[in-house]
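Reader: I am new to this. Could you take me through a structure and tell me what backs each label?

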Amino acid sequence: MSGPQAGWSNGDRALAAGKLMLAWVALLWLLEVVDVATGHALDGFGVTPRDPSELVDVVPSSFIHFGFAHLAANTVPLLVLGFLAALAGLRRFLLVCALIIVVDGLGVWLIAPDGTNTAGASGVIFGLFGFLLVSGFVERRPWGVLAGVLIAAVWGGSILAGLAPTQTGVSWQGHLLGLLAGVAAAFVFRRGPAAPAALTR
């Protein structure tokens, strides 16, 4: 691996990943404080489907939430899944998140029900889940496979529940599109298989 992170130790990577995710979550909470203080003026940055003027909200919608309860529900999974995904490199992590956010936002704009307003980080969360679930298999990295299995064991039930179209007030479309975008990102931004350890005899 080349670039400024090539010489980083595992501790350096973990520290950078942790700082990035704490800053991301802090930004989301700050935005929600501003939203509440302004009478929920930021809620308008959610995506209303098939309105051309709403295309500018495709990216901002992933950073806006409808109340602190909505944000609190997304905080822990975003922190944990984001941290794990960022351990492999911040540049790739940001590219993965950008793809998830854009694909998910555009997909919601295309297929969400009329008269809805969709916002929140759950599309990113579902995307990171999909990315972590399959990237180890795609890259043939044993630790990545193990991480994917553990993540599926911990969050698999919640992810499946979030895909159910029977939930009121939940964008299962955004969840499904985020999940598919994350799986696609695992292929688009895959690394080569881990090199075997050099042994002497």
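This is a predicted model: local features need pLDDT of at least 70, side-chain atom pairs count only at pLDDT 80 or more; totals for chains, interfaces and linings use all residues.

Author: Start with Asp 114. At 63% relative accessibility, Asp 114 counts as exposed. The cut-off for that word is over 50%.

Reader: What makes Asp 114 and Arg 50 a salt bridge?

Author: Their side chains meet at 2.5 Å, N to O. The limit is within 4 Å, so the pair qualifies. Arg 50 lies in the loop between H1 and H2, and Asp 114 in the loop between H3 and H4, so the pair ties together parts that are 64 residues apart in sequence.

Reader: Why is Arg 50 called partly exposed?

Author: Arg 50 has a relative accessible area of 35%. Buried needs under 20% and exposed needs over 50%, so Arg 50 falls in between.

Reader: What is noted about the phi of Arg 50?

Author: Arg 50 has a positive phi of about 60°, although it is not a glycine. Most residues other than glycine have a negative phi. Arg 140 also has a positive phi, of about 55°, and is not a glycine. Arg 140 sits in the loop between helix H4 (122–139) and helix H5 (142–162).

Reader: Is Arg 140 buried or exposed?

Author: Exposed. Its relative accessible area is 69%, and the cut-off is over 50%.

Reader: How many salt bridges are there in the whole structure?

Author: A search finds 4. One of them joins Glu 139 and Arg 92, at 2.6 Å, N to O. Glu 139 lies in helix H4 and Arg 92 in helix H3, so this pair ties together parts that are 47 residues apart in sequence. The side chain of Glu 139 also meets that of Arg 141, at 3.4 Å. Both distances, 2.6 Å and 3.4 Å, pass the test of within 4 Å.

Reader: Which residues make up the network of salt bridges?

Author: Arg 92, Glu 139, Arg 141 and Arg 191 are linked in it.

Reader: How do you know which of these are buried?

Author: Set each value against the cut-off of under 20%. Glu 139 has 2% relative accessibility, so Glu 139 is buried. Arg 92 has 13%, so Arg 92 is buried too. Arg 141 has 22%, so Arg 141 counts as partly exposed.

Reader: What makes Asp 104 worth a look?

Author: Asp 104 is buried yet has no salt bridge. The nearest side chain of opposite charge is Arg 50, and it is 13 Å away. Asp 104 lies in helix H3 (residues 90–111).

Reader: Then what does Asp 104 touch?

Author: Leaving aside neighbours within four places in sequence, Asp 104 is in contact with Gly 123, Gly 174, Leu 177 and Gly 178. Among the H6 residues that meet H3 are Gly 174, Leu 177 and Gly 178.

Reader: How is the packing of H3 and H6 described?

Author: Two packed helices are described by the angle between their axes and the distance between the axes. H3 and helix H6 (residues 172–188) pack at an angle of about 145°, with their axes 8 Å apart. The crossing is right-handed. On the H3 side, the residues that meet H6 include Val 96, Leu 99, Val 103 and Gly 107.

Reader: Why is Pro 49 called buried?

Author: Pro 49 has a relative accessible area of 8%, and buried means under 20%. Pro 49 lies in the loop between H1 and H2. Not counting residues up to four places away in sequence, Pro 49 touches Val 108, Trp 109, Ala 112, Pro 113, Asp 114 and Thr 116.

Reader: What makes Ala 152 partly exposed?

Author: Ala 152 has a relative accessible area of 29%. The value lies between 20% and 50%, so the label is partly exposed. Ala 152 is found in helix H5. Ala 152 touches Phe 129 and Leu 133, again not counting residues up to four places away in sequence.

Reader: What does UniProt list for residues 54–191?

Author: An unreviewed UniProt entry lists these residues as "domain: Peptidase S54 rhomboid".

Terms used:
Residues are numbered from 1 along each chain as its sequence is written. Side-chain values use heavy atoms; hydrogens and water are left out. Helices (H or I, at least four residues) and strands (E, at least two) are DSSP runs, numbered from the N terminus. Buried means under 20% relative accessible area, exposed over 50%, partly exposed in between (1.4 Å probe, protein chains only). Lys and Arg count as positive and Asp and Glu as negative; His and the chain ends are not counted. Contact means heavy atoms within 4.5 Å. Axes are lines fitted to C-alpha atoms, for helices over the stretch in contact, and angles run from 0 to 180 degrees between N-to-C directions. A crossing is left-handed if the near helix is turned anticlockwise from the far one by less than a right angle, and right-handed if clockwise. UniProt positions are given in the numbering used here, feature names are shortened, and annotations may be inferred rather than shown by experiment.
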